[in-house]
Amino acid sequence: PGKVHDARVFKNSGLFRRLQQGVYFPDRKITVGDVEMPIVILGDPAYPLMPWLMKPYTGALDSVKELFNYRLSKCRMVVECAFGRLKGRWRSLLTRSDLSQTNIPIVIAACCVLHNLCERKGETFMAGWEVEANRLAADYAQPDTRAIRRSQRDALRIREALKASFQSELGNQ
């Protein structure tokens, strides 16, 4: 308790279940190459590859896969930085909470609102806060993804279509 990787928390969340059921995002799709693509969430390598959750390639990479990873990383960096600053500023998000399950989402939402106010007002943010938050997050175990492997085939097609798009002239913009 209190020391669970973000990917495991996500996998055990109601949001994950709703995304698996296809009932969370609006049904707005685009076509990339010959693949119809839903709205996707961007994740790091610890997250499962799903049709609605893109993650980078791992292992030995050719230049096309490296380009895909680079472009995905550029998109993810904005989100990663925001969450790092949020956890760095609100230390209560880094530790075990003794609150009831009913109150935890309220506290997290309050931290998000207060954090956004601090950011807009230019309140001081100590770089060491984010470094410590990232160090703690790196210590957590990887999630068990056995239960979600059946969706990976569709996710692989979507990622391949994005990779091809990133390689094309349109993707170079």
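**Entry 1: the whole chain**

What percentage of the 173 residues in the chain is buried? I looked it up: buried residues make up 32%, where buried means under 20% relative accessible area, exposed over 50%, and partly exposed in between, with a 1.4 Å probe and protein chains only.

I am working with a predicted model, in which local features need pLDDT of at least 70 and side-chain atom pairs count only at pLDDT 80 or more, while totals for chains, interfaces and linings use all residues. Residues are numbered from 1 along each chain as its sequence is written, and side-chain values use heavy atoms, with hydrogens and water left out.

I found six helices and four strands, taken as DSSP runs (H or I of at least four residues for helices, E of at least two for strands) and numbered from the N terminus. Along the sequence I read the pattern α-α-β-β-β-β-α-α-α-α.

I then checked contacts, meaning heavy atoms within 4.5 Å. Of those between residues at least 6 apart in sequence, 66% join residues at least 24 apart.

**Entry 2: helix 3 and helix 6**

Next I looked at helix 3 (residues 63–89) and helix 6 (residues 152–167), whose axes come within 9 Å and cross at roughly 95°. The axes are lines fitted to C-alpha atoms over the stretch in contact, and angles run from 0 to 180 degrees between N-to-C directions.

From helix 3, I noted V64, K65, L67, F68 and R71 meeting R159, L162, K163, F166 and Q167 of helix 6. I sorted the residues of this contact into five nonpolar, one polar and four charged.

I checked the length of helix 6: at 1.5 Å a residue, its 16 residues should span 22 Å, and its end C-alpha atoms are 22 Å apart, which agrees. The expected span is 1.5 Å times one less than the number of residues.

Which residues of helix 6 are buried? I listed A155, I158, R159, A161, L162, K163 and F166. These buried residues pack against strand 1 (30–32), strand 2 (35–37), strand 4 (53–54) and helix 3.

**Entry 3: W90**

Last, I went to W90, in the loop between helix 3 and helix 4 (104–121). W90 is partly exposed, with a relative accessible area of 23%. Leaving aside neighbours within four places in sequence, I found W90 in contact with C111, L114, H115 and C118. I also noted that W90 and I108 are 18 residues apart in sequence and 9.3 Å apart in space, C-alpha to C-alpha.

Conventions: Ala, Val, Leu, Ile, Met, Phe, Trp, Tyr, Cys and Pro count as nonpolar, Asp, Glu, Lys and Arg as charged, and the others, Gly among them, as polar.
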